[in-house]
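Thanks, everyone. I have one model to go through today, so let me put it on the screen.

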Amino acid sequence: LDMVVEGLDSPIRVYINHEGERRRWIKFRIVGEWPNTFAIGARVAVRTGTVWQYREVMGTGGFKSFNDTTVHVGLGTAMRADEVRVVWPGGRTQRVLTGYQANRTYEIVPPQAMGDLDGSGVINSADVFAFLDCFFASVDGVAPGCERGDMDSDGRMTSSDFFLLLGRLFE
């Protein structure tokens, strides 16, 4: 990540991380439930190989500062995150994802929002058609914007996800 720093009675400094341009990364926008829609306080653990990295969604970091609520994790040379564990604030809601590709930003929603591809709050036929669009667009993992269709959270859009979606449609 790059960084901008401003100090009292001192010039603004911009630090650019050129080493990071040669490394892989993964980002997650964690979606919370009303009123905490930015999921402030959610915890994210990412494993590549045997190494775990931990992040927390935070809105502020100090006086007159703000942190991006998108979680950014460096993966080094890894092509994907082997495992991602998300725990929403309060600890009752959790998801485990596997095989998500590097150098992409993913939107992660609570389990009850899975299958609602258009974000309407209801799973209906529009979500089935959106799933099919995503299915054909997702050749090397889950295409960004299609995360809600990865019903089994394995980083791929397959026919098993489609049948899980149909199960949610007819609940």
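I'll begin with a strand pair: β4 and β5 are joined by 6 bridges and run antiparallel. Within that pair, Val44 sits opposite Arg55 of β5. Before going further, please keep in mind that this is a predicted model.

Now the sheet around that pair. It is open, has 4 strands in the order β5-β4-β7-β8, and the pairing is antiparallel. Which strands stand at the edges? They are β5, residues 51-56, and β8; each has a single partner strand, so one side of each has no neighbour in the sheet. On average, and ignoring direction, neighbouring strands here are turned by 20 degrees against each other.

Next, the core. The largest nonpolar core contains 34 residues, and Phe28 and Ile30 are those with the most contacts inside it. Which elements give two or more residues to this core? On the strand side they are β3 (24-30), β4 (43-48), β6 (71-76), β7 (80-87), β8 (94-101) and β9 (105-108), and the helix α1 is on the list as well.

Take Phe28 in more detail. Leaving aside residues up to four places away in sequence, Phe28 touches Val44, Val46, Thr69, Thr70, Val71, Val84, Tyr106 and Ile108.

On to the helix α1. Its 13 residues should span 18 Å at 1.5 Å a residue, and the end C-alpha atoms are 19 Å apart, which agrees. Which residues of α1 are buried? Asp127, Val128, Phe131 and Cys134 are. Looking down the axis of α1, the buried residues fall within an arc of 120 degrees, so they line one face of the helix. Those buried residues pack against α2. Phe129, Asp133 and Phe136 are exposed, on the other side of α1.

Where is Asp154? Asp154 lies in the loop that connects α1 (125-137) and α2 (159-169). Is Asp154 buried or exposed? Its relative accessible area is 16%, and the cut-off for buried is under 20%, so Asp154 counts as buried. Again setting aside residues up to four places away in sequence, the contacts of Asp154 are Thr98, Gly99, Tyr100 and Asp161.

That is what I have on this one.

Technical notes
Residues are numbered from 1 along each chain as its sequence is written. This is a predicted model: local features need pLDDT of at least 70, side-chain atom pairs count only at pLDDT 80 or more; totals for chains, interfaces and linings use all residues. Side-chain values use heavy atoms; hydrogens and water are left out. Buried means under 20% relative accessible area, exposed over 50%, partly exposed in between (1.4 Å probe, protein chains only). Contact means heavy atoms within 4.5 Å. A nonpolar core is a set of buried Ala, Val, Leu, Ile, Met, Phe, Trp, Tyr and Cys residues joined through side-chain atoms within 4.5 Å. Two strands pair if DSSP finds at least two bridges between them. Axes are lines fitted to C-alpha atoms, for helices over the stretch in contact, and angles run from 0 to 180 degrees between N-to-C directions. The expected span of a helix is 1.5 Å times one less than its number of residues. The arc is that of the directions from the helix axis to the C-beta atoms.
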